[in-house]
Each structure stands twice: as structure tokens, then as C-alpha cells.
Amino acid sequence: MTCEVAVMNKRGIALAADSAVTLSDGNGGRKKIYYTAEKLFSLSPKLPVAIMTYGPADIMGVPWETVVKVYAQKLDGRRFDTLAEYAQDFLTFIEGADWLFPLKTQTHWLQSLVYNVWKGLYKDEWDTALAEEAKTSRKDALKRLAAIIKKDHEDWARYPELACAAPDYGQHVRETFAAALDEIESDLFEGFSLTPALQEALRKTVEFAYGKDWFHPRDGSHVVIAGMGEAEPFPVLLEYDIGTLAAGTLRYRKTDETRVGDDLDGTVAPFGQDAIIHSLIQGIHPRVYEQFVKAAACMPLDDTDDEESSSARKSGKRRSPPWFAMRSCGPMRSHSFRP
């Protein structure tokens with residue numbers, strides 16, 4: 001996990017990041033922690049612009065450290081009036097870096113993403129349903145799969161289109177990687193001959209996954225770009241979620257923007273394990289604070305409770321320990337597969 005922070009006011013901005021990174025075998029197996037990772041990069045000693053990353057230590061297998069350093073070389077002293085222009089130039093650089101992310105690499109990462117989506121959203125649920133029934137005809141089994149996919153497609157409708165991509169981007173990805181999608185289908189649904197309608201539905205999911213403003217939990221990094229453009233007197237901080245590159249387009253979205261100025265004299269912005277920074281500033285862990293707030297909302301404030309407290313003090317009886325310490329006003333929400 002990562003703990004990073006930005007402190008900014010009208011005089012400037014300071015960034016800090018830890019150096020720990022957790023690497024696994026790629027299959028959710030053994031993990032190892034290294035304490036030598038770089039997550040904070042200055043574009044140039046002459047430019048007041050820096051890039052900070054958290055989440056995965058690489059993008060499509062290429063370390064962020066390499067991507068930023070190569071971009072800094074390509075920048076070659078160019079300057080922009082606004083930080084937003086630096087950010088857009090950086091994203092455009094990634095999009096066009098086909099020597100870092102060749103078609104073979106793009107295909108590999110698309111197959112990994114689509115396999116996980118089809119399996120996580122459809123295949124696992126379908127296998128569970130079939131296992132609960134002793135005998136199921138092929139026709140009924142395929143009907144059940146069609147129903148699962150149809151229900152999921154209704155859920156996709158609530159996601160907006162991805163702002164950084166063309167309206168037909170999902171269709172373009174589907175056509176570009178048609179052979180790769182055929183391989184995934186053959187591997188994942190081995191033993192079943194899917195109907196043309198089901199094949200179309202699965203590929204429609206691919207259009208949604210790439211054309212909608214949605215990022216798979218295993219397919220996204222977080223990038224913070226901070227500093228000042230030539231025409232900006234005060235610091236600016238931009239935050240982005242960045243996915244993978246496919247068919248010549250990088251999937252990304254801007255998640256936040258902070259500007260110091262007339263409306264904001266300064267701020268402290270934590271990233272990654274932000275609870276650590278919040279605890280340092282507020283003096284209490286956010287989850288503990290949340291439980292206290294919930295407990296206070298549940299506590300009775302009527303006269304009967306005051307009379308009981310007064311009677312207990314007069315009689316010398318000791319009241320029971322604070323019941324709110326472990327009590328919760330309601331169930332905690334769980335995270336779904338798709339955020």
C-alpha cells in the first residue's frame with residue numbers, strides 16, 4: 001500500500017511519498033514488499049511540475065518510473081501555460097508510445113481484462129447455477145447464461161460514456177481484437193458451443209467495458225500531476241485514474257482538481273492510504289471517528305436516561321461500560337465486483 005501527501009498554499013507545493021511497493025506473482029499468490037520504489041518524479045529541475053503515482057507500480061508491465069523519465073526526456077524543455085496542458089501532453093505521450101506498449105502487449109492486457117470480466121460477471125455465476133441443478137439440458141443452460149448477461153447489461157446502462165474516447169471506441173476495440181476475443185471465448189467456455197446471440201452479447205460487454213467510464217479493479221493506476229504552468233501564479237493539483245492502452249487509445253479520467261487561489265489559501269491532500277494522513281491531522285483514525293459519530297446518533301437523549309444516570313450516581317452504583325464502543329447502528333456495506 002502507498003501513503004502520499006501534497007501540501008499546498010499560495011507560496012508553493014510540497015509532495016511526499018513512501019517507497020514501499022508490494023509485488024505478487026500475478027495470480028494472487030505470494031507477495032513480496034520492496035522499500036526502494038520511486039513514486040514521485042520531477043519533470044525537470046527547471047520546471048515546477050511533478051508527477052506522483054500510487055496503486056500499481058506499473059502500467060501494462062512498464063514501470064511508471066520508466067514512463068515518466070522517458071516523457072521527461074521527450075519534453076525537452078518545452079513549457080506550457082497551464083498544468084492541464086502538461087497533463088494532457090503526458091497522457092498523449094503514453095497514448096502514442098507504441099514502442100513501450102506494442103500491439104502484442106495491448107493484446108495481452110486486453111485478454112487478461114476481458115477474461116476476468118467474463119469470468120467474474122458471468123462464468124462463475126453460471127457454473128454455480130448449473131452445479132445446483134442435477135440435470136440441465138444444453139438449451140436450458142444457455143438460456144440461463146443469456147439471462148445472466150442480460151441482467152448485467154441492464155446494469156451497464158447506468159455508467160456514462162468514457163469522456164476521453166470516441167463514441168464508437170468500444171466497437172473499435174471489439175473489431176481490432178476480434179481474434180483475441182475468439183480465443184478467450186474458446187478457453188473460458190470450453191465444451192459449450194455458444195449461440196450467435198450469446199457470442200454477440202459477450203462482445204457487447206467488451207464494448208461496455210472499454211467504452212464506459214469504468215475501470216476494472218486490476219486494470220487501473222492513479223496519477224497525481226502537481227505544480228504550476230507558466231501562466232498560473234499559484235499551485236494546481238490534478239488527479240487521474242489511468243487504465244490500459246488498447247487500439248491506439250488510452251483510457252483515463254480526471255477524478256479531481258485542486259487550485260490555490262482566492263477561494264482556497266491552502267490545503268493538505270492525502271492519497272493512497274489516506275487514513276494515515278487524516279489520523280495525523282485530525283488526531284483520530286477516520287474509522288474510529290465514524291463509529292463515534294454513529295454511536296452518538298444512536299444514544300438516547302431523553303429525560304429518562306438523565307434520571308437513570310442521576311440515580312446511579314446517588315446510589316453509588318457503577319454503570320455498565322460504554323455500550324456504544326462495539327455497537328453499530330447498521331450493517332456495513334460491502335464492495336461489489338464492479339464499483
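Two strands count as paired if DSSP finds at least two bridges between them, strands being DSSP runs of E with at least two residues and helices runs of H or I with at least four, both numbered from the N terminus. In this predicted model, local features need pLDDT of at least 70 and side-chain atom pairs count only at pLDDT 80 or more, while totals for chains, interfaces and linings use all residues. Residues are numbered from 1 along each chain as its sequence is written, and side-chain values use heavy atoms, without hydrogens and water.

Strand β1 (residues 3-9) pairs with β12 in the antiparallel sense over seven bridges, and asparagine 9 has glycine 266 of β12 as its bridge partner. The open sheet comprises three strands, antiparallel in pairing and ordered β2-β1-β12. Because β2 (12-17) and β12 (266-272) stand at the edges with a single partner strand each, one side of each is left without a neighbour in the sheet. On average, neighbouring strands are turned by 10 degrees against each other, direction ignored.

Next come two packed helices. Helix α3 (residues 103-131) packs with helix α4 (residues 138-156) at an angle of about 140 degrees, their axes lying 10 Å apart; axes are lines fitted to C-alpha atoms, for helices over the stretch in contact, and angles run from 0 to 180 degrees between N-to-C directions. Contact means heavy atoms within 4.5 Å. Residues of α3 making this contact include Leu121, Tyr122 and Trp126, and those of α4 include Leu145, Ile148 and Trp156.
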